[in-house]
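Here is a short report on selected features of one structure. Keep the sequence and the 3D view open as you read.

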Amino acid sequence: MLDNTSQLLLRNIDFLSGKVLLVEPMADRLAAELKQQAPELELFCLTSNIAVATNWQQQCKSPCYLGDALPADLKVDKVVLFYPKSKDQLQSSLAQIKTVLHDKTEVYLVGDNKGGIKSLGNQAEKLGLKAFKHDNAKHCLWFELDGLLQSELKTADFHQFSIEKAGIQLNICSLPGVFNHGKLDLGTHLLLEHLGHIQQGKVLDFACGAGFIGAFLVKKHPEIKLTASDISTLAVSSTAATLKANKLPGEVIVADGIPSRSAAYDHIVSNPPFHTGLKTDYQISEQFFRDAFTELKPGGTLTLVANVHLPYVAQLTEIFGQVKELGRRDGFVVYYCKKSAK
């Protein structure tokens with residue numbers, strides 16, 4: 001199945017020729033469709049999402065670069081950038097792809113109307129660029145962007161800021177594109193107030209983002225052995241920088257789902273995602289809960305924060321047998337589950 005943005009790209013396939021770089025595409029069947037419909041194209045992929053990279057490599061043998069790993073000598077004829085869910089990430093992504101442009105490279109953007117691409121014209125103007133709309137279908141837009149090669153855009157560095165919670169002072173580092181970049185979100189704020197039961201053992205901070213949760217726990221309880229994971233290389237880099245900035249130990253891993261350690265974790269804690277692209281996806285949460293149950297030691301705990309409207313109680317009860325509510329505020333709720341010791 002193809003995302004609407006991928007369908008719009010295929011509708012405009014005649015714009016593409018030669019060496020084509022897709023930037024932050026969806027985890028769908030686009031690579032296979034492009035290979036079938038336009039086998040003459042020489043495809044490349046750049047993504048910060050390990051699931052997208054894995055999906056791409058399963059479909060075709062074309063190169064897929066994860067994170068900031070674009071080859072220094074790569075030059076392409078066309079670039080298609082999938083408009084990022086975070087507007088903060090757009091400028092950084094555009095600056096990153098400047099290295100692969102030559103004076104005849106054409107740059108296109110495709111995005112869902114609900115994701116913010118409607119404002120691309122104004123955004124481009126602020127960046128000294130020009131955006132021209134070519135197509136509108138499937139509730140998505142297709143733009144061409146001019147002026148990028150001549151621009152002075154630079155890739156973003158870490159945004160650094162400090163937080164204080166429960167007497168714990170932390171320096172946080174985050175990159176554009178990381179969840180709630182540059183601030184402590186309300187859900188995590190509530191979650192940090194309800195982690196008193198986590199004082200030692202092997203702890204997984206799942207979907208770690210900028211590393212708020214893991215850094216908080218390790219600074220408060222230095223005996224904790226922390227693993228932090230996220231599907232995004234931007235988040236993993238941010239968490240690693242946060243731990244370094246606070247001189248805290250911890251292992252940071254880019255992973256699609258919970259890093260499998262054969263029931264090694266005493267505690268799993270998370271402010272987990274519940275979207276695939278822009279759509280709510282309850283299969284993500286259910287798979288996370290089942291994997292958490294499998295990867296926890298007997299007697300281990302799962303603690304998470306979620307929007308109150310999400311139907312997590314039923315899912316957690318089915319998997320863990322029971323679920324306890326630890327706190328509720330500002331439209332968020334903290335759930336606690338314990339794996340049977342038997």
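## Thr303 and its surroundings

Leave aside the neighbours within four places in sequence, and Thr303 is in contact with Leu191, His194, Leu195, His197, Ile198, Ile268, Val269, Ser270, Leu326, Val334, Tyr335 and Tyr336. Contact means heavy atoms within 4.5 Å. Thr303 is found in strand 16, residues 296–307. Strands are DSSP runs of E with at least two residues, helices are runs of H or I with at least four, and both are numbered from the N terminus. Thr303 is buried, with a relative accessible area of 0%. The classes are buried (under 20% relative accessible area), exposed (over 50%) and partly exposed (in between), using a 1.4 Å probe and protein chains only.

The side chains of Thr303 and His197 make a polar contact of 2.8 Å. A polar contact is a pair of N or O atoms within 3.5 Å; within protein, one must be able to donate a hydrogen and the other to accept it, and residues adjacent in sequence count only if both atoms are side-chain atoms. Tyr336 is 33 residues from Thr303 along the chain, yet their C-alpha atoms are separated by 4.6 Å.

## Basis of the model

This is a predicted model, with residues numbered from 1 along each chain as its sequence is written. Local features need pLDDT of at least 70, side-chain atom pairs count only at pLDDT 80 or more, totals for chains, interfaces and linings use all residues, and side-chain values use heavy atoms, with hydrogens and water left out.

## Thr227 in strand 11

Thr227 sits in strand 11, residues 225–230. Thr227 is buried, at a relative accessible area of 7%. Its side chain joins that of Glu251 in a polar contact of 3.2 Å. Neighbours within four places in sequence aside, Thr227 is in contact with Val203, Leu204, Asp205, Glu251, Ile253, Arg261 and Tyr265.

## Helices 1 and 2

How do the axes of helix 1 and helix 2 cross, and at what angle? The axes of helix 1 (residues 4–11) and helix 2 (residues 30–37) come within 11 Å and cross at roughly 15°. Axes are lines fitted to C-alpha atoms, for helices over the stretch in contact, and angles run from 0 to 180 degrees between N-to-C directions. Helix 1 is therefore roughly parallel to helix 2. Angles under 35 degrees count as roughly parallel, over 145 as roughly antiparallel, 65 to 115 as roughly perpendicular and the rest as oblique.

Ser6, Leu9 and Leu10 in helix 1 meet Leu30, Glu33, Leu34 and Gln37 in helix 2. The residues of this contact divide into four nonpolar, two polar and one charged. Ala, Val, Leu, Ile, Met, Phe, Trp, Tyr, Cys and Pro count as nonpolar, Asp, Glu, Lys and Arg as charged, and the others, Gly among them, as polar.

## Helix 7 and helix 5

Helix 7 spans residues 212–220 and is largely enclosed by the rest of the structure, because seven of its nine residues are buried. The buried residues are Phe212, Ile213, Gly214, Ala215, Phe216, Leu217 and Val218. Asn122 lies in helix 5, residues 120–126. Asn122 counts as exposed, at 51% relative accessibility.

## Positive phi in two loops

Most residues other than glycine have a negative phi. Ala166 has a positive phi of about 55°. Ala166 is in the loop between strand 8 (159–165) and strand 9 (168–174), and is exposed, with a relative accessible area of 59%. Phi of Ala207 is also positive, near 60°. Ala207 is in the loop between strand 10 (202–206) and helix 7.
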